[in-house]
Amino acid sequence: MSIEHSHHLDNPNATTPPPKVELISSVPAPPVPDNAEAMTILVTVPPGSEGSPPHRHTGPAFGYVIRGEMIFELEGEPQRVVRAGETFWEPGGDVIHYQDGNNLPDAETVFVITMFGVAGQPMLIPVSAEELEERRERRAPRP
């Protein structure tokens, strides 16, 4: 990050230490749909769960893993593991979100995500098997 972000304001009347504020992620602003609805959700993925089937979102989403490890894969990007304390984001729109499964066989994974979707439309839009086949060349090679 090339821009210095200041997250502390001096408070001359304070009698206690100031809050600790850390910048953990910063991305250029992706397009947000007209009439967007911002929603923040908490997701708990059971041990070993594959997570949601391939889907897309109507707008961008920004997340933070609170506990555990998530297998995260977007169209055109290799799958990766996002661990507790790390962030992830996706642009939404036409991009397929392939995976958000739990990488741990014996513990839950919990993450919070803020999404900017089109009001009145589903948060997750499933992708058909036919469309997955049509777009298979857009998926990064898998391990």
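## A ring at the surface

Let's start with one side chain: F62 has 29% relative accessibility, so this residue counts as partly exposed. The value falls between the 20% limit for buried and the 50% limit for exposed. W89 also has 29% relative accessibility and counts as partly exposed. Keep in mind as you look around that this is a predicted model.

## How the aromatic rings pair up

What do we need in order to describe two rings side by side? A pair of aromatic rings is described by the distance of the centres and the angle of the planes. With the pairing rule used here, the count is four aromatic pairs. In one of them, the ring centres of F62 and W89 are 5.9 Å apart and the planes meet at 10 degrees, so this pair is stacked. Planes have to be under 30 degrees apart for that label. F62 belongs to strand β3 (residues 61–67) and W89 to strand β6 (residues 87–90), so the pair ties together parts that are 27 residues apart in sequence. F62 and W89 are also joined with F116 in a cluster, linked by ring pairs.

Now look at F88 and F111, an aromatic pair with 5.5 Å from centre to centre and 80 degrees between the planes, which is edge-to-face. F88 sits in strand β6 and F111 in strand β8 (residues 109–118), so this pair ties together parts that are 23 residues apart in sequence. Are F88 and F111 buried or exposed? Both F88 and F111 are buried.

One more ring deserves a look. R139 lies over the face of Y98, 4.0 Å from the ring centre.

## The whole chain

Now let's step back. How many helices and strands does the protein chain have? There is one helix, along with nine strands.

Along the principal axes, the C-alpha atoms of the protein chain fill a box of roughly 65 × 40 × 30 Å. The protein chain has 143 residues, and buried residues make up 30% of them.

## A span named in a record

UniProt lists residues 42–97 as "domain: Cupin type-2", in an unreviewed entry. Such an annotation may be inferred rather than shown by experiment. In the model, this span is 0% helix and 50% strand, and the C-alpha atoms at the ends of residues 42–97 lie 18 Å apart.

## A nonpolar patch

Which residues form a nonpolar patch on the surface? They are I24, L42, Y64 and I66, and together they have about 380 Å² of accessible area. L42 has its place in strand β1 (residues 36–45). With a relative accessible area of 58%, L42 is exposed, because exposed means over 50%.

L124 has a relative accessible area of 36% and is partly exposed. The C-alpha atoms of L124 and H55 are separated by 6.1 Å, although these residues are 69 residues apart along the chain.

Then look for N35, in the segment before β1. N35 is not a glycine, yet this residue has a positive phi of about 55 degrees. Its relative accessible area is 66%, so N35 is exposed.

Key:
Residues are numbered from 1 along each chain as its sequence is written. This is a predicted model: local features need pLDDT of at least 70, side-chain atom pairs count only at pLDDT 80 or more; totals for chains, interfaces and linings use all residues. Side-chain values use heavy atoms; hydrogens and water are left out. Rings of Phe, Tyr and Trp (its six-membered ring) pair if their centres lie within 6.5 Å; planes under 30 degrees apart count as stacked, over 60 as edge-to-face and the rest as tilted. Helices (H or I, at least four residues) and strands (E, at least two) are DSSP runs, numbered from the N terminus. Buried means under 20% relative accessible area, exposed over 50%, partly exposed in between (1.4 Å probe, protein chains only). A charge sits over a ring if NZ of Lys or CZ of Arg is within 6 Å of the ring centre and within 35 degrees of the ring normal. Patches are made of residues with over 30% relative accessible area and no salt bridge: like charges are joined within 9 Å, nonpolar side chains (Val, Leu, Ile, Met, Phe, Trp, Tyr) within 5 Å. Accessible areas come from the Shrake-Rupley method with a 1.4 Å probe; for residues, only the protein chains shown count as cover. A salt bridge is a side-chain nitrogen of Lys or Arg within 4 Å of a carboxyl oxygen of Asp or Glu.
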